Amino acid sequence: MPRPYVLLSVATSIDGHIDDTSPDRLLLSNSADFDRVDQVRAESDAILIGAGTMRADNPRLLVNSEERRAARVAAGKPEYPLKATISASGDLDPELKFWHFGGEKVAYTTDSGAEKLRDRLEGLADVVSLGETVNFGRLLDDLGGRGVKQLMVEGGGSIHTAFLSQGLADEIHMAIAPLVVGQADAPSFLSPAIYPGGSTHRMKLAEARTIGDVVLLRYLPKQESGQ
Ligand SMILES: NC(=O)c1ccc[n+]([C@@H]2O[C@H](COP(=O)([O-])OP(=O)(O)OC[C@H]3O[C@@H](n4cnc5c(N)ncnc54)[C@H](OP(=O)(O)O)[C@@H]3O)[C@@H](O)[C@H]2O)c1
């Protein structure tokens with residue numbers, strides 16, 4: 001089965017941070033932009049977040065609009081996209097909201113992580129080992145085998161860094177919010193890594209759109225900028 005089209009979705013501050021260092025989640029998007037994200041979720045077959053985001057934010061990760069869920073069902077799709085997460089360690093609490101809302105779920109992990117998670121997530125999610133370490137290509141092969149054509153990756157920074165640096169991202173949706181976090185140790189969209197094409201590779205800009213006080217940039221990292 002073909003691998004899914006991979007879309008990285010992120011909201012950042014002006015200084016490139018995706019959260020601050022406080023225990024509460026920093027809301028970067030405005031309500032119209034959160035609604036846009038809901039639409040992209042509804043258009044995707046699977047949504048993925050990393051274990052760090054699950055532990056930090058404890059999100060439900062749903063399509064919130066009833067109309068969008070009804071449209072999915074009318075189109076013969078499940079009401080909710082498949083929800084996926086990645087944890088190398090297997091340190092995921094079965095009480096997290098992720099497991100208790102929405103439709104089907106899958107936890108990608110390692111051989112050792114799977115030993116911890118199989119009992120813990122019994123009846124809550126499929127547990128899939130990707131080998132001794134997390135192999136992102138194998139993860140995409142597994143999702144393709146489940147019929148996933150579009151995967152929306154909603155962070156956090158480690159997960160975005162892995163997909164982009166391994167040349168596995170087809171599209172980036174980057175919403176820039178008019179905030180400055182100003183904390184060196186706040187999480188960032190991307191970490192230092194070797195990215196395809198290096199620092200001179202200019203990605204194709206597919207769209208720039210204002211959404212209230214937020215700007216959405218859509219980049220196609222596998223395509224070269226025309227200028
Ligand atoms: N603004 C936004 O759009 C947005 C969206 C999402 C999240 N966030 C923020 O992002 C922050 C969390 O980011 P994060 O980077 O700490 O966490 P993350 O990317 O969500 O998840 C990191 C975890 O995923 C697993 N993982 C990631 N890369 C891996 C790799 N290459 N190989 C194996 N396992 C890997 C590991 O799990 P184990 O430790 O279990 O092994 C790792 O600890 C939070 O502050 C959250 O609020 C912001």
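## The shell around the ligand

In this predicted model, the ligand is surrounded by 24 residues, and the closest of them are Asp19, Thr53, Asp57, Ser87 and Ser158.

A backbone N or O atom of Ser89 is 2.8 Å from an oxygen atom of the ligand, while a polar backbone atom of Ala88 is 2.9 Å from a ligand oxygen. For Gly157, the distance between a backbone N or O atom and an oxygen atom of the ligand is 3.4 Å. The ligand taken alone would expose 920 Å², and the protein buries 76% of that area.

Which elements give two or more residues to the shell around the ligand? They are β1 (5-12), α2 (51-57) and α6 (157-165). Of the contributions to this shell, the largest share comes from α2, which supplies five residues; Thr53 and Asp57, two of the closest residues to the ligand, carry numbers that fall within the range of α2 (51-57).

## The largest pocket

The space that the ligand takes up is the largest pocket of the model, and the volume of this pocket is about 1000 Å³. Its lining is made up of 46 residues, and those closest to the centre of the pocket are Arg25, Ile49, Thr53, Asp57 and Glu154.

At least two residues of the lining come from each of β1, α1 (31-43), β2 (46-50), α2 and α6. Sorted by class, the lining of the largest pocket has 21 nonpolar, 14 polar and eleven charged residues.

## The second largest pocket

The second largest pocket has a volume of about 390 Å³, and 15 residues line it, with Leu164, Ile172, His201, Met203 and Pro221 lying nearest its centre. How many nonpolar, polar and charged residues does the lining of this second largest pocket have? There are eleven nonpolar residues, three polar residues and one charged residue.

Two strands, β7 (171-176) and β9 (214-224), each provide at least two residues of the lining of the second largest pocket. Of these strands, β9 gives the most to that lining, with three residues.

## Two details of the backbone

The peptide bond that runs from Gly155 to Gly156 is cis, with an omega near 0 degrees. Gly156 is placed in the loop between β6 (150-153) and α6, and α6 is also one of the elements that give two or more residues to the shell around the ligand.

A further detail concerns Asn58, which has a positive phi of about 50 degrees although this residue is not a glycine. Asn58 has its place in the loop between α2 and α3 (66-74), and α2 is the element from which the largest share of the ligand shell comes.

Methods: Residues numbered from 1 in each chain as written. Predicted model: local features only at pLDDT ≥ 70, side-chain atom pairs only at ≥ 80, totals over all residues. Heavy atoms only, no water. Near = heavy atom within 4 Å. Polar contact = N/O pair within 3.5 Å; in protein donor to acceptor, adjacent residues only side chain to side chain. Areas by Shrake-Rupley, 256 points an atom, 1.4 Å probe, with all protein chains shown as cover. 1 Å grid on protein atoms, 1.4 Å probe; cavity = no way out; pocket = protein on both sides within 12 Å on 5 of 7 lines; lining within 4 Å. Sits in = over half its atoms within 2 Å of the grid points. Helix = DSSP H or I, 4+ residues; strand = E, 2+ residues; numbered from the N terminus. Points joined across faces, edges and corners; volume = space filled by probe spheres on them. Nonpolar A, V, L, I, M, F, W, Y, C, P; charged D, E, K, R; others polar.
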